[in-house]
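Reader: I'd like to see how the labels on this one follow from the numbers. Can we go through it bit by bit?

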2 protein chains.
Amino acid sequence: MSGPRYTNLVESLPATVPFVGPEEQERSRGTSFAARLGANENVFGPSPKAIAAMQAATDDVWMYGDPTSHDLRQALAKHHRVGMENIVVGEGIDGLLGYLVRLMIGPGDAVVTSDGAYPTFNYHVAGFGGVLHKVPYTDDREDPSALFTKAKEVGAKLVYLANPDNPMGTWHEGPALARAQDDLPDGCLLVLDEAYVEFAPEGTAPNIAIDDPRVIRMRTFSKAYGMAGARVGYAMAAAELIQSFDKIRNHFGMNRVAQIGALAALQDAEWLAKTCADVAAARDRIAEIAASEGLHTLPSATNFVAVDCGKDGDFARRVLASLVSQGIFVRMPFVAPQDRCIRISCGPNHDMDLLAQAFPRALSDARK
Amino acid sequence: MSGPRYTNLVESLPATVPFVGPEEQERSRGTSFAARLGANENVFGPSPKAIAAMQAATDDVWMYGDPTSHDLRQALAKHHRVGMENIVVGEGIDGLLGYLVRLMIGPGDAVVTSDGAYPTFNYHVAGFGGVLHKVPYTDDREDPSALFTKAKEVGAKLVYLANPDNPMGTWHEGPALARAQDDLPDGCLLVLDEAYVEFAPEGTAPNIAIDDPRVIRMRTFSKAYGMAGARVGYAMAAAELIQSFDKIRNHFGMNRVAQIGALAALQDAEWLAKTCADVAAARDRIAEIAASEGLHTLPSATNFVAVDCGKDGDFARRVLASLVSQGIFVRMPFVAPQDRCIRISCGPNHDMDLLAQAFPRALSDARK
């Protein structure tokens with residue numbers, strides 16, 4: 001009696017996961033975190049109107065969600081002044097990245113990303129047998145020119161670029177990115193992850209024609225809209241590419257209440273503006289907390305700040321370990337020299353006060 | 001400037017979808033359905049405790065869900081008296097079927113199912129390049145012996161069997177199924193879809209050792225627990241197989257509020273019993289409505305009833321079209337001779353009254 005027969009690809013895959021969740025850390029610590037500032041969740045939360053809409057919709061949770069996400073896509077199309085046929089809604093950007101990689105990548109296909117960029121994208125590429133080529137950050141920023149040159153060199157089908165970037169929080173101005181895009185090799189799709197773009201200065205999102213077949217943009221309700229737990233992301237691209245998702249996606253994968261909540265969140269522009277202001281203030285507060293210990297922070301166009309701990313990765317890891325042991329959930333870049341930093345998500349004053357209390361001890365612990 | 005390069009497999013896939021949702025039908029009708037009895041949703045809804053838990057959890061939707069679904073898996077493990085390592089939670093059975101097919105099936109791999117069984121499973125198999133072999137129903141029931149014989153003949157890696165069955169509502173007793181399983185060929189995994197099993201008579205679920213490597217069982221909160229819109233399913237199997245999902249699944253794919261709601265629903269055994277009683281009464285009511293027009297219904301172990309319209313598929317399709325035009329959303333089997341039936345989901349009295357009103361006219365319309 002033998003077991004199931006996996007594909008060769010699956011047999012070759014390691015049993016790793018892209019991220020360990022904070023709940024698992026809490027279970028092994030035996031206690032909850034006092035401040036949850038490690039996953040770039042938006043602690044300021046979603047629009048109260050979105051919460052109210054979701055609570056009302058819960059009574060109807062016996063119904064499947066609309067598999068086409070019609071109403072949400074219609075509102076997004078209006079919001080972005082594109083056609084509904086240019087938008088696909090999915091189970092967070094993570095889910096959409098998985099579908100996108102599946103559409104393009106088979107064993108041996110080349111993909112380019114930055115060394116230290118989003119691990120879940122890499123997880124999906126590996127999961128479909130793609131071969132990842134990584135280029136380093138330049139001055140703590142992703143380097144479009146280096147990425148596109150590498151893509152040409154290896155014949156990449158996909159190149160991933162987050163703008164603003166995670167985990168560093170840095171960004172490129174839209175016009176510069178649009179110009180760089182001219183160097184994309186033929187037949188290579190730019191996966192432009194704009195998860196954090198609502199926090200960024202005006203003009204950070206490049207002006208790209210929606211029917212440009214060289215680019216797909218990823219957006220989410222997890223960050224500025226404060227609904228990470230709802231799992232609603234969307235992608236915008238040329239109609240043909242968007243339509244191809246329908247060949248493979250889980251058509252009934254969307255939570256009905258989340259669809260309704262996202263629609264309500266999108267319509268509350270006032271709350272979004274308030275959130276962005278709150279986040280900007282928290283970024284300043286994190287910079288102050290770091291500066292009071294003589295440390296430098298990177299300018300950020302996101303809801304998190306990379307704090308340069310001033311020494312090497314081992315030192316930063318000790319700072320992080322001490323913060324975690326003090327009940328402050330934070331994460332940090334994986335790759336040198338970016339791993340000299342720790343990455344702290346923005347939160348309300350209460351969370352920032354806890355951080356301010358814990359931070360000096362974290363540094364003195366790390367120096368021991 | 002050329003477009004993206006899809007995989008050969010994706011290029012070959014048709015742009016079909018497994019199901020058109022009722023919302024899309026409503027939009028093209030220009031009006032809402034009066035009764036939603038076509039998708040085997042549970043109109044009786046989830047436990048009020050689950051609704052309350054979800055409404056309370058909405059305030060915390062800014063947090064990602066626990067990627068391990070720890071608390072829900074722990075409760076499910078206790079409920080089923082298996083280990084947590086024997087359970088994976090996913091985005092509905094649809095999502096889990098997609099992952100399972102991906103684990104096993106590559107281009108050309110053989111898969112066996114019944115002709116007329118769950119289209120979404122077939123969609124996933126086609127989506128990974130698998131080759132479907134179908135065996136007919138026997139007496140409106142899936143035929144385990146024929147399925148397993150075919151699996152041996154074609155060297156199938158997967159064989160799909162729903163017990164109780166959808167779309168017919170028929171079932172096999174657990175002991176008979178457990179005996180049949182001895183005919184499963186070596187290296188073929190039985191995908192036992194038990195989405196409706198909570199509605200079925202005691203003993204319908206076969207007694208299978210949890211570490212038996214030949215079977216994976218799929219369960220859901222969409223049916224008896226009344227939470228289709230939440231998208232929570234789970235699979236139970238040997239630990240090694242369950243662990244392999246971690247190689248490929250969307251680890252952060254679960255809606256946080258849905259996880260919490262499912263846990264609360266699981267703990268309300270009283271509501272589940274009430275729901276099953278309500279469903280049983282509605283099944284009787286559907287049988288009465290059919291009998292009053294001289295029609296026969298199939299015995300059902302699910303929350304829907306297949307009404308034998310007494311003639312061929314074309315006749316049944318006309319009955320269905322008339323019901324739909326009268327505002328009653330129903331569906332029907334795709335394949336002859338099962339397509340002589342229409343499939344009606346159970347609902348509360350109000351919905352059954354609407355059905356009772358519309359049904360005689362549907363038959364007279366069909367006879368025109």
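This is a predicted model: local features need pLDDT of at least 70, side-chain atom pairs count only at pLDDT 80 or more; totals for chains, interfaces and linings use all residues.

Reader: How do you know that the span of helix 12 of chain B agrees with its number of residues?

Author: The expected span is 1.5 Å times one less than the number of residues. Helix 12 of chain B covers residues 313-325, 13 residues, so it should span 18 Å; the end C-alpha atoms are 18 Å apart, which agrees.

Reader: Why are the buried residues of helix 2 of chain B said to line one face?

Author: The residues in question are B:Pro22, B:Glu23 and B:Glu26. Seen down the helix axis, they fall within an arc of 100°, so they line one face of helix 2 of chain B. They pack against helix 10 of chain A, as well as strand 1 and strand 11 of chain B. Just after helix 2 of chain B comes B:Gly30, with a positive phi of about 80°.

Reader: Over to chain A. Why is A:Thr204 called buried?

Author: Buried means under 20% relative accessible area, and A:Thr204 has 2% relative accessibility, so it counts as buried. This residue lies in the loop between strand 6 and strand 7 of chain A. Its side chain reaches the backbone oxygen of A:Pro201 at 2.6 Å. Beyond its neighbours within four places in sequence, A:Thr204 has contacts that include A:Trp171, A:His172 and A:Val197.

Reader: How do you know that the two copies are related as by a two-fold rotation axis?

Author: Chain B can be laid on chain A by a turn of 180° with a shift of 0.0 Å along the axis, and the RMSD is 0.0 Å. The copies are thus related as by a two-fold rotation axis. In chain B, the C-alpha nearest that axis belongs to B:Gln55, 2.5 Å away.

Reader: What makes you say that the same surface serves both copies?

Author: Of the contact residues of chain B, 100% recur in chain A.

Methods
Residues are numbered from 1 along each chain as its sequence is written. Chains are lettered from A and ligands numbered from 1 in the order in which they are written. Side-chain values use heavy atoms; hydrogens and water are left out. Helices (H or I, at least four residues) and strands (E, at least two) are DSSP runs, numbered from the N terminus. Buried means under 20% relative accessible area, exposed over 50%, partly exposed in between (1.4 Å probe, protein chains only). A polar contact is a pair of N or O atoms within 3.5 Å; within protein, one must be able to donate a hydrogen and the other to accept it, and residues adjacent in sequence count only if both atoms are side-chain atoms. Contact means heavy atoms within 4.5 Å. Copies are superposed by least squares on the C-alpha atoms of residues with pLDDT of at least 70 in both. The arc is that of the directions from the helix axis to the C-beta atoms.
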